[in-house]
Structure formats: structure tokens, C-alpha cells
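Dear colleague,

I am passing on the structure that you will find just below, and after it I have set out what turned up when I went through it. Please read the notes with the structure open beside you.

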Amino acid sequence: MSLEYALEKYPSTVRLRDGLECVVRPLARRDEARLHRFFLAVPELERLFIKQRVTDRTVVRAWCRQLDYHADLPLLLLHGARLIGQANLHQRQGGWRRHIGVVTVLTHPAYRGRDVAKILGGEIVEIARHLGLKKLEARLNGERVVAIRALEQLGFRVLMRLPDYVMDMQGGLHDYVFLGLDLRTDE
């Protein structure tokens, strides 16, 4: 299936656990300022596995101006004009892991406990199925308990947990949690 077909449903309206109405849609050029504010609000510990310095406005600007949904599909969850959640589906264009998508998900601290990660993760899983991916993986530090639980509710399972394996910018050690989801079905 095609990515264009998978994206036809957006923007779409969803309701959080508490009934708050929000919109899910892909990242667009116009989202530069709100995405930057969002990353500044997310605690550094939760940004541990983001390879670029997303607190640097020039990095966010480049993301918004060089969108390539086939390689990296960022979905946003918005309450009005406020960005409250962000998830990415990273795809490899070739190689021996081209059938495996990589998922990242972040929630604004003020919107925790409302199923933001679960909603965005579910959207990413649905898109990955449309694209014909066979597996999804996610890498998180062990403190991301809520995000890990949300992914587990979507069918991800912990494949590996390595204690004190990753290091933050201050030299603190954290558990490395590697989750996976098999998208193949019996059909």
C-alpha cells in the first residue's frame, strides 16, 4: 500500500481519555515554532534517544522544511494550537532491516495520563501496517514507564532490558529498554 493512501484520513479528530477533543495530523512546515516549544517542554531525560539536539531551533527548522514522510513520518496531536504529543515512524529505505519501522513517542508534561502516547502509537501502528512493514521497534530509557506501558497496550513487548546501559548528558546511567511489535497477522 502507499503512504499517500495511509495519510488520506488526516487531519482526524480524536478524544483523549478525559474527553478532550484533539486533532491528529502529520507535521507541516508551519509547525516549526510549536514543535520547538514542545521539545523545550519535554524533560531532557525523555529526549535521550533523539539523535539531534531538538532544543536547537535550527534543527527543528530543518525538520519542518525538509519533510520526507517516506523516511520519517512525524505525527502531531494538537489541542487547539497547542502541540501535546508527537510520534514518529522512521523507515529504512533499504538494507536488511528495511521491513522494520522505528517508533518514537513523546507527550507534553501537562497532558500525561490522558492516553496521548497510546493514541499516537496506535496511529503509527495503523500506518505501518498500510505501508507493509513487518515489525516495529521502540527504544526508551527505563524511566519512561508511562510510554512503555502505552506501547505494551498496543501489543509491543519488551525484547530486552539492559540495566544502567545508556548515559545522559550529565553522566547519569539509565536502563535501556528495547520493545518490539510483530505486525504480521495470521490472515
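**Fold and overall dimensions**

From the N terminus on, the order of elements in the chain is α-β-β-α-α-β-β-β-α-β-α-β-β, which makes five helices and eight strands; helices (H or I, at least four residues) and strands (E, at least two) are DSSP runs, numbered from the N terminus. Please bear in mind that this is a predicted model, in which local features need pLDDT of at least 70 and side-chain atom pairs count only at pLDDT 80 or more, while totals for chains, interfaces and linings use all residues. Residues are numbered from 1 along each chain as its sequence is written, and side-chain values use heavy atoms, with hydrogens and water left out.

The C-alpha trace of the chain spans about 45 × 40 × 35 Å along its principal axes. A compact globule of 187 residues would have a radius of gyration near 16 Å, and the 16 Å of this chain agrees with that; the radius is taken over C-alpha atoms, and the globule rule is 2.2 Å times the number of residues to the power 0.38.

**The sheet and the helices on it**

The eight strands form an open sheet of mixed pairing, in the order β1-β2-β3-β4-β5-β6-β8-β7, where two strands pair if DSSP finds at least two bridges between them. Because β1 (12-15) and β7 (157-167) stand at the edges with a single partner strand each, one side of each is left without a neighbour in the sheet. From one strand to the next the twist averages 25°; for angles, axes are lines fitted to C-alpha atoms, for helices over the stretch in contact, and the values run from 0 to 180 degrees between N-to-C directions. Within the sheet, β3 and β4 run antiparallel and are joined by eight bridges, and L78 stands opposite L83 in β4.

Two of the helices can be described by how they meet the sheet. α2 packs on it, touching β2 (21-26), β3, β4 and β5, with its direction at about 90° to that of β4, where contact means heavy atoms within 4.5 Å. α5 also packs on the sheet, touching β5, β6 (135-141), β7 and β8 (173-182), and its direction makes about 165° with that of β6.

**Pockets and the cavity**

These were found on a 1 Å grid over the protein atoms alone: a cavity is a set of points where a 1.4 Å probe fits but cannot get out, a pocket is an open set with protein on both sides within 12 Å along at least five of seven lines, and lining residues have an atom within 4 Å of a point. Grid points are joined across faces, edges and corners, and a volume is the space filled by probe spheres set on the points.

The largest pocket has a volume of about 650 Å³, and of the 25 residues that line it, Q52, W63, D72, N88 and H90 are the closest to its centre. Two or more lining residues come from each of α2 (32-41), α3 (57-65), β3 (72-79), β4 (82-90) and β5 (100-107), and β5 gives the most, with four. By class, this lining has 13 nonpolar, seven polar and five charged residues, with Ala, Val, Leu, Ile, Met, Phe, Trp, Tyr, Cys and Pro counted as nonpolar, Asp, Glu, Lys and Arg as charged, and the others, Gly among them, as polar.

The second largest pocket holds about 310 Å³ of space. Of its 21 lining residues, G113, A117, V146, A147 and A150 lie nearest its centre, and α5 gives the most to the lining, with six residues. The classes here are nine nonpolar, three polar and nine charged.

The structure holds one cavity of 30 Å³ or more, and the largest cavity has a volume of about 130 Å³. F49, T104, V105, R139 and R144 are the closest to its centre among the 14 lining residues, and β5 supplies the largest share, four residues.

**Backbone points to check**

Most residues other than glycine have a negative phi, and most peptide bonds are trans. Y10 and P11 are joined by a cis peptide bond, with omega about 0°, and P11 lies in the loop between α1 (3-7) and β1. D115, in the loop between β5 and α4 (116-130), has a positive phi near 75°.

With best wishes
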